[in-house]
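Come and read along with me.

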Amino acid sequence: MPARIREELSGNICRCTGYVGIVDAVEAAADEMSAGSGPA
């Protein structure tokens, strides 16, 4: 999934940080959504 996230982000925001934090956050959100849990 990280490759897909990076592909979707490419060209949209600065890549100077490598998207590390953003990719981690998107993965965490996707995991929560697929588990059926929402924000606390």
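Is A3 buried or exposed? I looked it up: A3 is exposed, with a relative accessible area of 58%. My scale for this was: buried is under 20% relative accessible area, exposed is over 50%, and partly exposed is in between, using a 1.4 Å probe and protein chains only.

**What I am looking at.** I noted that this is a predicted model, where local features need pLDDT of at least 70, side-chain atom pairs count only at pLDDT 80 or more, and totals for chains, interfaces and linings use all residues. Residues are numbered from 1 along each chain as its sequence is written, and side-chain values use heavy atoms, with hydrogens and water left out.

**The whole chain.** I found 2 helices and 0 strands. Both are DSSP runs numbered from the N terminus, with helices (H or I) needing at least four residues and strands (E) at least two. Of the 40 residues in the chain, 10% are buried. The chain exposes about 3100 Å², and 58% of that comes from carbon and sulfur atoms; the areas are from the Shrake-Rupley method with a 1.4 Å probe, and for residues only the protein chains shown count as cover.

**Helix 2 by itself.** I checked its span: the 15 residues of helix 2 reach 21 Å from first C-alpha to last, close to the 21 Å expected at 1.5 Å a residue. The expected span is 1.5 Å times one less than the number of residues. Just after helix 2, I noticed G36 with a positive phi of about 85°.

**The two helices together.** How do I describe two packed helices? I use the angle between their axes and the distance between the axes. For helix 1 (residues 2-9) and helix 2 (residues 20-34), the axes come within 10 Å and cross at roughly 120°. Those axes are lines fitted to C-alpha atoms over the stretch in contact, and angles run from 0 to 180 degrees between N-to-C directions. On the helix 1 side, the contact (heavy atoms within 4.5 Å) is made by P2, I5, R6 and L9, and on the helix 2 side by I22, V23, V26 and E27.

**Back to A3.** A3 lies in helix 1. I noted that A3 and V23 are 20 residues apart in sequence but 9.1 Å apart in space, C-alpha to C-alpha.

**I22 and I13.** I22 sits in helix 2 and is partly exposed, at 34% relative accessible area. Leaving aside neighbours within four places in sequence, I22 is in contact with L9 and I13. I13 is in the loop between helix 1 and helix 2, and I13 is partly exposed too, at 38%.
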